[in-house]
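User: Could you walk me through how to read a few features of a model? I'd like the general idea and then the actual case.

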Amino acid sequence: QVQLVESGGGTVAPGGSLTLSCVASGDAFTIVTQSWYRQVAGKEREFVAQIPTMGPMDYADFARGRFTIWQDTGKNTVYLQMNNLEPEDTAVYYCNAEGVVDRISPYKVWGQGTLVTVSS
């Protein structure tokens, strides 16, 4: 079973920066895609950024130019660098990973979420 653990959330002033991390762990798994989503209470979870193991990265329009996603495949870790944060970026940020276990069983898992608050 693959598990994800996020970290790096917190409170930051408008214009500030934060870097989120998400570590994947488990046995005999391969990651195909790692993504970040976010959710505000009462609203649907929305896509933030995605980084396939092979292929181009993708960003939501609100993230492009301010957020950067990258991964350390050796550590099974994906990061989200967020710059010039705005109060509208306040949300719980979730990590997502998709891949294969034991080379045959597909999986899609979510982390527990990490809260980002942008406030003066």
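User: Let's begin with Arg-45: over the face of which ring does Arg-45 lie, at 4.6 Å from the ring centre?

Analyst: A charge sits over a ring if NZ of Lys or CZ of Arg is within 6 Å of the ring centre and within 35 degrees of the ring normal. Here Arg-45 lies over the face of Trp-110, with 4.6 Å to the ring centre. The charged end of Arg-45 also sits over the ring of Tyr-94, 3.7 Å from its centre. Before we go on: this is a predicted model, where local features need pLDDT of at least 70 and side-chain atom pairs count only at pLDDT 80 or more, while totals for chains, interfaces and linings use all residues. Residues are numbered from 1 along each chain as its sequence is written, and side-chain values use heavy atoms, with hydrogens and water left out.

User: How many aromatic pairs does a search of the whole structure find?

Analyst: A pair of aromatic rings is described by the distance of the centres and the angle of the planes. Rings of Phe, Tyr and Trp (its six-membered ring) pair if their centres lie within 6.5 Å; planes under 30 degrees apart count as stacked, over 60 as edge-to-face and the rest as tilted. The search turns up 5 aromatic pairs. One of them is Tyr-37 with Phe-47, edge-to-face at 5.6 Å centre to centre and 75° between the planes. That pair links distant parts of the chain, with Tyr-37 in strand β4 and Phe-47 in strand β5 (residues 46–52), 10 residues apart. Strands are DSSP runs (E, at least two residues), numbered from the N terminus. Trp-70 and Tyr-79 make a stacked pair instead, 5.0 Å centre to centre with 20° between the planes. Tyr-37 and Phe-47 also belong to one aromatic cluster with Trp-110.

User: Is Tyr-79 buried or exposed?

Analyst: Buried means under 20% relative accessible area, exposed over 50%, partly exposed in between (1.4 Å probe, protein chains only). Tyr-79 has a relative accessible area of 18%, so Tyr-79 is buried.

User: Which residues does the disulfide join?

Analyst: A disulfide is a covalent bond between the sulfur atoms of two cysteines; the cut-off used here is a pair of cysteine sulfur atoms within 2.5 Å. The structure holds 1 disulfide, and that one joins Cys-22 to Cys-95, S to S 2.1 Å. Cys-22 is in strand β3 (residues 18–25) and Cys-95 in strand β9 (residues 91–101), 73 residues apart, so the pair links distant parts of the chain. The torsion about the S-S bond is about -85°, which means the disulfide is left-handed. Both cysteines, Cys-22 and Cys-95, are buried.

User: What does Ser-35 touch, not counting residues up to four places away in sequence?

Analyst: Contact means heavy atoms within 4.5 Å. Ser-35 touches Ala-49, Gln-50, Tyr-94, Cys-95 and Asn-96 on that count. Ser-35 is found in strand β4 (residues 29–39) and is buried at 3% relative accessibility.

User: And the sheet: what order do the 4 strands have?

Analyst: Two strands pair if DSSP finds at least two bridges between them. The open sheet runs β1-β3-β8-β7, with antiparallel pairing. β1 and β7 (67–72) stand at the edges with a single partner strand each, so one side of each has no neighbour in the sheet. β1 and β3 pair over 5 bridges, and Leu-4 has Ala-24 in β3 as its bridge partner.
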